[in-house]
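Student: I would like a close look at a single part of this model. Please take the strands and the loops beside them.

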Amino acid sequence: MDRIFIQGLTTMAQIGVYDWEQQIQQKIVFDLELAWDSRQAAKTDDVQYCLNYAEVSEAVIHFAQSRPFLLIERLANEVANMLMQDFHIPWLRLKLHKPNAVPEAESVGILIERGHLVN
């Protein structure tokens with residue numbers, strides 16, 4: 001199975017457990033790997049057989065901005081579920097960064113993997 005990737009997808013979201021975090025927007029960054037069989041797209045040179053990374057990116061940004069979240073764990077898992085369901089993705093790896101959440105660290109976050117890779 002091939003993998004489409006989207007790296008450094010950045011948006012602003014209302015996320016955090018502290019009261020002050022629920023009053024502001026904070027930068028979050030997604031790195032995505034999405035399993036997709038690209039053979040038909042390569043054979044036909046036709047975009048209809050591609051996993052449209054622009055549509056995937058828009059869906060992730062819209063979802064992250066759609067409501068407040070307390071935990072990055074919740075946001076990451078819900079985005080993964082949405083992508084797998086809406087885009088029929090059999091496997092994905094999603095890394096969600098929350099830059100500057102810890103002053104001494106460039107970024108903190110979570111890396112999740114869902115589904116099964118098939119050949």
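Student: In which loop is Asn-100 found?

Tutor: Asn-100 is found in the loop between β3 and β4 (107-115). The model is predicted, and local features need pLDDT of at least 70, side-chain atom pairs count only at pLDDT 80 or more, while totals for chains, interfaces and linings use all residues. Residues are numbered from 1 along each chain as its sequence is written, and side-chain values use heavy atoms, with hydrogens and water left out. Strands (E, at least two residues) and helices (H or I, at least four) are DSSP runs, numbered from the N terminus.

Asn-100 is not a glycine, yet has a positive phi of about 65°. Asn-100 counts as exposed, because its relative accessibility is 64%; exposed means over 50% relative accessible area, buried under 20%, and partly exposed in between, with a 1.4 Å probe and protein chains only.

Strand β3 (residues 91-99) runs antiparallel to β2, and six bridges join the two; strands pair if DSSP finds at least two bridges between them. Leu-34 has Leu-92 in β3 as its bridge partner. Strand β1 (residues 2-13) is also antiparallel to β2, with ten bridges between them. Here Asp-2 stands opposite Trp-36 in β2. Strand β2 (residues 26-36) is largely enclosed by the rest of the structure, because eight of its eleven residues are buried.
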